[in-house]
Amino acid sequence: MSRRKSPDSPLFPLEPVLPDFSFEIAAKRDGFWPVAGADEAGRGPLAGPVVAAAVILDPDAVPAGLNDSKLLTAEQREALFEEIMATATISIASSSAARIDATDILKASLDAMRRAIDGLSIAARFALIDGRDVPQGLPCHAKAIIKGDSRSVSIAAASIVAKVTRDRMMTRADATFPAYGFALHAGYATVKHRSAIDSHGPCSLHRMSFRPFREAQEQPVAISAEPLDVNS
């Protein structure tokens, strides 16, 4: 009785695919160096800024374990954040809730990434951008990479820096607005956060163009069906 052999090309890879330096090497081969990775954190929350980071890694000191920040624990992110800050060239920018409301979250996110790249102390000649869109007005060539934070170590590093920075900002905001629990949920639409909004109303950190605020503003005013007493 013969045993079934394992297929030569398994349907799924046996090992998880981790970000690497191949996009950066390709840009360098084309004459563009240094290369920055850029990503943002905080597009989805109901409150707080969207924070972008741009990172130029030292090829000889790439921290081990870089990955999409969403796939890392808080402890892993914090440790990698410190290592990135000690070995790489970093720039951080943010767009406030007011700026998000004045434009929209996509424009505010791309503008924060543009400012982060523009603010690098060493000018990048090429930027790898997480997502589908390249910010307008960049000072260098650029390429948008879907799921870039799980494909490029430079973008992964930027995602970690942006996430840790924003989480720390929201922890500080918790001291100013303790009723909302920002230190616990960083402004995301958790049950506790929505309950706090119901109880206390929005604060200056809330994005009034987001649901549920926009829907609340669009609610029609109730009109009484009782006839008016013209003699009163």
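Buried means under 20% relative accessible area, exposed means over 50%, and partly exposed lies in between, with a 1.4 Å probe and protein chains only. The model is predicted, so local features need pLDDT of at least 70 and side-chain atom pairs count only at pLDDT 80 or more, whereas totals for chains, interfaces and linings use all residues. Residues are numbered from 1 along each chain as its sequence is written, and side-chain values use heavy atoms, with hydrogens and water left out.

View A. Strand β3 (residues 89–95) has a covered face formed by T89, S91, A93 and S95, and an uncovered face formed by I90, I92 and S94. Strands are DSSP runs of E with at least two residues, helices are runs of H or I with at least four, and both are numbered from the N terminus. Strand β2 (residues 50–56) pairs with β3 in the antiparallel sense over 7 bridges; two strands pair if DSSP finds at least two bridges between them. T89 in β3 is the bridge partner of I56.

**View B. The annotated binding site.** In an unreviewed UniProt entry, the annotation "binding site" covers D39, E40 and D130. These residues span 92 residues in sequence, yet no two of their C-alpha atoms are more than 8.1 Å apart, so they gather at one spot. The lining of the largest pocket includes D39, E40 and D130. UniProt positions follow the numbering used here, feature names are shortened, and annotations may be inferred rather than shown by experiment. A pocket is an open set of points on a 1 Å grid over the protein atoms alone, where a 1.4 Å probe fits, with protein on both sides within 12 Å along at least five of seven lines; lining residues have an atom within 4 Å of a point.

View C. D39 lies in strand β1 (residues 35–41) and is buried, with a relative accessible area of 2%. Leaving aside residues up to four places away in sequence, its contacts (heavy atoms within 4.5 Å) include V51, M113, D130 and D149.

**View D. Surroundings of D130.** D130 lies in strand β4 (residues 126–130) and counts as buried at 16% relative accessibility. Not counting residues up to four places away in sequence, D130 touches A38, D39, M113, I145, K147, G148, D149 and I155. A polar atom of the D130 side chain lies 2.8 Å from the backbone nitrogen of G148.

**View E. T165 in helix α5.** T165 belongs to helix α5 (residues 153–176) and is buried, with a relative accessible area of 15%. Beyond residues up to four places away in sequence, T165 touches V51, F81 and I92.

Technical notes
A polar contact is a pair of N or O atoms within 3.5 Å; within protein, one must be able to donate a hydrogen and the other to accept it, and residues adjacent in sequence count only if both atoms are side-chain atoms.
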